[in-house]
Amino acid sequence: MDRRAFLFPKKTTLQTTITAPTPSTGLTIYTGTFGEDEVIHLLKRTMFGAKKADIDYFKTKTVSHAVDELLNPTAPLPAPPVKEYTDTTALTQPDTNIAAGTTWVNDYNIDGTIQSLRRASFKKWWMGLIINQDRSIREKMTMFWHNHFATETNNIGNGNYCYKHHTLLRTNALGNFKTLTRAVTTDPGMLVYLNGQYNTANAPDENYGRELQELFCCGKGIDSQYTETDVKAAAKVLTGWRNNASVMSSYFTSSIHDSTNKQFSAFYNNTIIQGKTGTTAGNLEIDALLTMIFSTQEVAKYICRRLYRWFVYYDIDATVEANIITPLANILRTNNYDIKPVLSALLKSEHFFDTLSKGSQIKSPVDLVVGMCREFNVAFQPDTDYVTNYGMYNYLVSWVTNMQQSIGDPPDVSGWKAYYQAPQFYEIWINADTLPKRNQFTDIMVVNGYTYNGKKVIVDGSEFAKTLPNPSDPNALIDDSLKYLYRISLSATLKAQIKKDILLSGQITDGYWTDAWNTFIATPTNTANTTTVKNKVRDLYKYFMDLSEYQLA
Amino acid sequence: MKRSEFLKKSLISSAIIPSFINGFSVKALGADSPLMRALQLPTTETDHVLVIVQLQGGNDGLNMVIPLEYFSNYVNARPNIFIPEDKVLKFNNYDKVGLNPAMTGLQTMFNDGKLKVINSVGYPQPSFSHFRATDIWMTGSDSNNVINTGWAGRYLNYEYPNFPNGYPNSSMRDPLAIQIGSITSLTLQGPAVSMGMSISNPTSFYSLLNSTPDTAPATPAGKELTFIRQMAQQTQAYASVVKSAANAVTKQVIYPTSNSLGDQLKIVARLIKGGLKTRVYMVSYGSFDTHANQVNALDKTTGTHANLLKNVSDALKAFQDDLQYLGIEDRVVGMTFSEFGRRMKSNASGGTDHGAAAPCFVFGKNVLGGVLGDTPNIPANVTVADNLPFQYDFRSIYGTLLSNWLCVDDNSLQQLLLKNYQQLPLVNTASCNKVNPNASGINLITNYPNPFTSSTTIAYTTAGGHTLIQIIDGSGRVITNLVDKEITTAGIYSITFNSGALPAGVYYARLQNMALQQVRTMLKVR
């Protein structure tokens, strides 16, 4: 090297941008190898994190069996949230009638503090369900619908409505899109959130009528040609619905319903929905409205694009539109808007398992937080200790909120920007505020954990390492760990460096690690050695989770 | 303006609120107000820097510093690997030991009075395991005691007691400690968090090391990975200060090529000259684990170990020259350590097995040059089981450097080293201006009195929500969860900790309030 090069070292630069092709494959059923890599890809996309036990379970199956099993959950719907909060005495209407540990969801209560406690209780409960998900797509789909039919608990206010709305999404998560849309339209929580309860013949409120078309059914694509007239006409159809909080349901009042005929635009073939009167008018007109909307070609395409961005990648170019969206939309229409056949076709496809489709998602905050807990088998308390568990779930809720994904409270009715805001999409999750928080979260969970009610949740790296095939070999330990934690592995150079720096304390002899690990297994009471091994494994996983690769799914 | 004047002037006209820092009552001021800046200064003011050089793998001290005084016993113990007497590098005015012939740079530094050789450094009941011995050296623990904090980490926690809450701030914009390497070592681990930052994180500081991160593939995944890496680079809390410090220095002396220790020290010199106030740097090199063929049979002055020592010597010499060239020689002292020395008697493979005590080097312009201690005496009838006993406890070196170089108040040394150790004549102490302890960062948890004998009152700030105060002992064991409850109203609360029959020593009070955590060091005395 010449002297000048020494004095002015050449600056290397990071790659700036990469122009990446989209996969050109289509919906043909994938017939390639269905090995661990494919199973991990499938599970990271359809569940929150890929647990090793789940990977081992699914890798013995065919792609069709695996996807079918994910799409057909056998577990019953979960028990409702319980009262884990404590009343303070000065409330207008304390809910002392509800015993601790029993559910509050059927109890009518107008006290603002109680409702606030119930909304928080609902979120903790929900976080618990995601953490404890069974081997199915149900939680990912429930979250999909929450993002799609987005509502905010802070806006709805009534915790019982929030639970009821959520249950609707959960129950229909793998059902029929049209049926779900129909139910959401008169759901009490939605009637509060988009002002449907104030939509009357004399003072129409267009909020739901607009979002039904713009966000829930037709979207904003170039072929979505509904008009302002259609918004007004839909609003008229939707007039007359009210909520009865004491029975926690909505009802129709014909006297405030607009019974005139509603004229729609050419986008809807100039349909006229006949104005109706009487107690059945509301239901009949809504049915007609949805039949009209769901007759357009655009609805199926729109929801398929939403599903694609949820499960595959955000970039929908002409190739993906032609190879995936259009045929998926056809499947959806052919199956009268049943969701499962679409998911089945997508998740079993060559396109889904295309190399270009793998690793391209940036983990959502829930994916990161829950995925870390699940992949490392973080142990929570038995169900009977709901007090502790709700406290811990609350901690995780606070973290996903810090990272800008407050479950139950997306930013607005459009849902999270990561799933619709071009051109950034997923990249919106990562910014100068949230990326350090992601690292801080994994660091804390690996080093100190979180203590609540005298119990602790922590990532025990050594326990995770024990589940790997050959943790006494430092190379295998690193390779196997990365296989489960990453989608893009590290270079051999970097792996060798990490092995030397972290596992071998700078040594070059692998046997030193092997001896320490074997001693750890044989004599865990050897405190000094156990501390050494646990700290090394801790530092290894901390390092892996701090690298950018960990943010991909 | 002197710091004391700063405080006086700022206090005029301050409305008094009941908040006391070292007896001064202060009013709430923004972090950038002159008063707060003054109060955020570290506990001790000094521009001294300590560079810790780790020689990984257990360096063979007897072939690095050759015991000329007992040369025949040395040859007898190591017939296949001894360095010939006429090849040993001699010191001016000191003939009892000499250096390995590969270490000409260090010979010059010694003769210039910039190198202190400390013979036979170790500790009682030495461990022969690389991992355990490394942990002992890094934590400063006794052999039979497991500690989870590093000695330099405890020091930095003492100087910057609330890190990372409130950092970087206007008086400490820079990393507290920098490790060149992929992870920060146990040496820099504080009671709650690592006090150091590593700057080979390939996404953040690759350009300093002239290395590149793994190439991202040309796929959608590669596109997203590249985006995240760019964001990681932009958001590293200290990225810009470290980079601007590095960029401020455009000329350095020539360092040896193909010498990773030299590469690391070159960055250290650059960052110090570039203006970082970082107190502690750590670099590492090795492996020195020379079980076999550590010398060339035909020429014992060459071979694996000689190459390693040459790189150490060349790197340290270039670094010292660079410090002089950059005009910062007065501010920097370094030390070397290795987890153990090697066995006195060589093995049949032309190498040496894991041993015990070994020499340490302390280097720098402000070092009191020379050799400290008796020449290690090898028995004439040495056996394979024999190990070199230690003369100096390694924690004496830590304690001396903390006290006489980093100017730590002597009364606080015990809190940092967990015991009292003998101080050694290693560095010129004249430049340590000791000042009173002070506060910095954002105090979320404090205790009074501290040190305490039986009980102490812990004051803590919570933002509301679940709040936990744990009392943790030096080995990381949770003694009790003093507070573990939901707190409705944000504010400052207090609780008394009764230490009962717990032994005297260092305890930590750890505050956890959702995402926030902070640790307070408390000392129980008799």
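**Entry 1: a hairpin in chain B.** I began with β17(B) and β18(B), which form a hairpin with 4 residues between them. In the turn I found Gly476(B), with a positive phi of about 90°. Strands here are DSSP runs of E of at least two residues, and helices are runs of H or I of at least four, both numbered from the N terminus. This is a predicted model: local features need pLDDT of at least 70, side-chain atom pairs count only at pLDDT 80 or more, and totals for chains, interfaces and linings use all residues. Residues are numbered from 1 along each chain as its sequence is written, while chains are lettered from A and ligands numbered from 1 in the order in which they are written.

**Entry 2: the pairing.** I looked up how β17 (residues 465-473) and β18 (residues 478-487) of chain B pair: antiparallel, over 8 bridges. Two strands pair if DSSP finds at least two bridges between them. Thr467(B) has Lys485(B) as its bridge partner in β18(B). I then saw that β17(B) also pairs in the antiparallel sense with β20 (residues 505-513) of chain B, over 7 bridges. There, Asp473(B) has Tyr507(B) as its bridge partner.

**Entry 3: a helix face in chain A.** Which residues of helix α9 (residues 177-185) of chain A are buried? I noted Phe177(A), Leu180(A), Thr181(A), Val184(A) and Thr185(A). Buried means 20 or more other C-beta atoms within 10 Å of the residue's own, exposed 12 or fewer, and partly exposed in between, with C-beta atoms placed from the backbone. Down the axis of α9(A), its buried residues fall within an arc of 140°, so they line one face of the helix. The arc is that of the directions from the helix axis to the C-beta atoms.
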